[in-house]
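This report describes the structure shown below, moving from the whole chain to selected residues and elements.

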Amino acid sequence: MAETHPTHFTKNQSKNGQEASEEDKLSQDYKDLILSLPREKGWTSPYLYQFQGFWFRPTQLQAIITFQEHFQAKDSDVIVATFPKSGTTWLTALTFAIVNRRRFSSSENHPLLTSNPHDIVPSFEFTVYANTHDKVPHLSNMIEPRVFGTHIPFPLFAESIKESNCRIIYICRNPLDNFVSAWIFFSKMRQESLPALTLEEAFEMYCNGIIGFGPSWNQILSYWNESIARPHKVLFLKYEDLKQDVNFHVKRVAEFLGCSFTHEEENSGVIENIIKLCSFENMKDLEVNNSEATGRNLWKKHLFRKAEVGDWVNYLSPSMVEKLSKIIEEKLSKSGLSFEAYS
């Protein structure tokens, strides 16, 4: 598959040099659709549109609908699903390394040493079905097991995914840290033509559920509930738990995917090599992720900031913490899912 990059990380210019609106890039059918949808001020673009209970940018919405209509899952497929800024890059790298450990060693020839994880594992909405109003891609020739990434909430998945035996690994993060990470990241990705988004403005939007692929709690619950109903299909992880014991969860992911580590692999350090290869420290220092890139690749170097648990204490006031914590507690109270206020 040709290398492409997430459309929401790029700056598109029209013929007269002015920044083109996302609406201009839509086919007429999708332009008509968004006119009928509720909209609110966006984080990185003028507007987000509400579709089937969640908020999306226009180009994301077009890609998601194309994905819903055309994607045909295989039982061997592996899908890494996340809410944005919840450990996406880390889990994507770990999953790719686990699944492909017999194709690639953790030595100098590993793809993760020369490519960003998002260039190796295609995203449904940012890569596979981005800009596909003219031609829908054929994925049947991809090497199996096919590994895909996505931020799409479970209810919006293509029916073939829900009906197949493909496996989904989902990771979420304490919403306090998730908000701070999202605000810092998307502030760097915001269109230059838009005014700066203050922490306070972004916080109110987040508390109202208005963020791409959000509300965060609704997306988290969609995967949590599915993991309870079908634990063989959805593995639910927390970023904080992965940070606390990555060795345990790497083995858990491998077992879930039906490719458990052998005793020989464990004794020879395969697990430790994968963990080191995919570690924040290693990936952040790689040239492919750390270069002073511009234009389409600008987003890569911003994927690696701190990777800390509890960094929210450096940004949120006590009243902010209280407000968001109450919202999350209320939204999750009947689910059995909770988050500790790490600090």
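Helices, of at least four residues, and strands, of at least two, are DSSP runs numbered from the N terminus. The model discussed here is predicted.

## Overall composition

The protein contains 17 helices and 7 strands. It has 343 residues, of which 56% count as buried. Among contacts with a separation of 6 or more, 75% are between residues 24 or more positions apart.

The accessible surface of the protein amounts to about 15,900 Å². Carbon and sulfur atoms account for 48% of that surface.

## Nonpolar cores

The largest nonpolar core comprises 73 residues. Within this core, Trp-43, Phe-71, Ile-161 and Phe-179 have the most contacts. The greatest contribution comes from helix α7, residues 175-189, which supplies 9 residues. A second, separate core consists of 34 residues, including Val-80, Ala-97, Cys-259 and Ile-274.

Ile-161, one of the residues with the most contacts inside the largest core, can be described by its neighbours. Leaving aside residues up to four places away in sequence, Ile-161 touches Phe-67, Phe-71, Ala-73, Ile-79, Phe-124, Cys-166, Ile-168 and Lys-233.

Strand β7 spans residues 234-238, and because 5 of its 5 residues are buried, the strand is largely enclosed by the rest of the structure. In a regular strand, side chains alternate between the two faces of the sheet. In β7, Val-234, Phe-236 and Lys-238 point one way, whereas Leu-235 and Leu-237 point the other way. All of these residues are buried, Lys-238 included.

Strand β6, residues 167-172, pairs with β7 in the parallel sense over 5 bridges. Across this pairing, Leu-235 in β7 stands opposite Ile-169.

## The setting of Arg-101

Arg-101 is found in the loop between α3 (88-99) and α4 (117-120).

The side chain of Arg-101 reaches the backbone oxygen of Ser-260 at 3.1 Å. Not counting residues up to four places away in sequence, Arg-101 touches Cys-259, Ser-260, Phe-261, Glu-265, Val-270 and Ile-274.

Key. Residues numbered from 1 in each chain as written. Predicted model: local features only at pLDDT ≥ 70, side-chain atom pairs only at ≥ 80, totals over all residues. Heavy atoms only, no water. Polar contact = N/O pair within 3.5 Å; in protein donor to acceptor, adjacent residues only side chain to side chain. Contact = heavy atoms within 4.5 Å. Core = buried A, V, L, I, M, F, W, Y, C linked by side-chain atoms within 4.5 Å. Buried < 20%, exposed > 50% of the residue type's maximum accessible area, 1.4 Å probe, protein only. Pairing = 2+ DSSP bridges. Areas by Shrake-Rupley, 256 points an atom, 1.4 Å probe, with all protein chains shown as cover.
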